[in-house]
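Biologist: Show me the model, please. I want to know what stands behind each label.

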Amino acid sequence: MEDRLIYYFQEYEHFAILISIGISIIVAVLGVIPSFFVTAANLIFFGFWMGTIISFVGEALGAIIAFYLYRKGLKQFSQKPLDKYPKLKRLVHLKGKDAFYLILSLRLLPFVPSGLVTLAGAIGSVSFITFAIASSIGKIPALLIEAYSVYQITQFEWQGKMILSIAAIYLIFVVWKKRKQPTSV
């Protein structure tokens, strides 16, 4: 996917930054597509630091725009998706400083889906400005870790990618096998 994005960056070089930010906003609004392919394309095309900054701007703007759209369109949305995440459910009822710190901490955790944090904030009581600041600050460390990881993977030769692929397949197999085992009561 990042190859196609890099192609568009090259084809429309003068608009590459706007294309990247626009796609990041779309990814954030959709809320279910991981953004690592945009980060990878940014790092490859713009270089590590500029690509990281562009990725941050796109993700931060994307979260803010998604928050606004979710708040306008989904305020009456069922809270069912939040049932699996008690901290996110708690966010719905928080305001002010408490909401700020919870959003910040949730953005720092790599396994909490970004779209759900945005959704919980949008259907909750948190103010727009509190969400925008906490979400943006919280994205900085997570994005630096993501950018560094993606950059390292893009620099691998085929041998490194093969080892990483085998390790990923093994981990998926182990997790799948554990889920298939019956649990004892």
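Modeller: Start with a term: a salt bridge is a side-chain nitrogen of Lys or Arg within 4 Å of a carboxyl oxygen of Asp or Glu. This is a predicted model, where local features need pLDDT of at least 70, side-chain atom pairs count only at pLDDT 80 or more, and totals for chains, interfaces and linings use all residues. Residues are numbered from 1 along each chain as its sequence is written, and side-chain values use heavy atoms, with hydrogens and water left out.

Biologist: What makes Lys139 and Glu59 a salt bridge?

Modeller: Their side chains meet at 3.5 Å, N to O. The cut-off is 4 Å, so the pair qualifies. The structure holds 1 salt bridge.

Biologist: Which parts does the pair tie together?

Modeller: Lys139 lies in helix H8 (residues 128-155) and Glu59 in helix H4 (residues 48-74), so parts 80 residues apart in sequence are tied together. Helices here are DSSP runs of H or I, at least four residues, numbered from the N terminus.

Biologist: Are Lys139 and Glu59 buried or exposed?

Modeller: Both Lys139 and Glu59 are buried. Buried means under 20% relative accessible area, exposed over 50%, partly exposed in between (1.4 Å probe, protein chains only).

Biologist: How do you know whether Phe48 is buried or exposed?

Modeller: Phe48 has a relative accessible area of 18%, so it counts as buried. Tyr151, at 28%, is partly exposed.

Biologist: What are the values for the rings of Phe67 and Phe128?

Modeller: Their centres are 5.9 Å apart and their planes at 50°, so the pair is tilted. Phe67 is in helix H4 and Phe128 in helix H8, 61 residues apart. Phe67 is buried at 1% relative accessibility, while Phe128 is partly exposed at 38%.

Biologist: How many aromatic pairs does a search of the whole structure find?

Modeller: The search finds 9. Ring pairs also link Phe9, Phe45 and Phe46 into a cluster.

Notes: Helices (H or I, at least four residues) and strands (E, at least two) are DSSP runs, numbered from the N terminus. Rings of Phe, Tyr and Trp (its six-membered ring) pair if their centres lie within 6.5 Å; planes under 30 degrees apart count as stacked, over 60 as edge-to-face and the rest as tilted.
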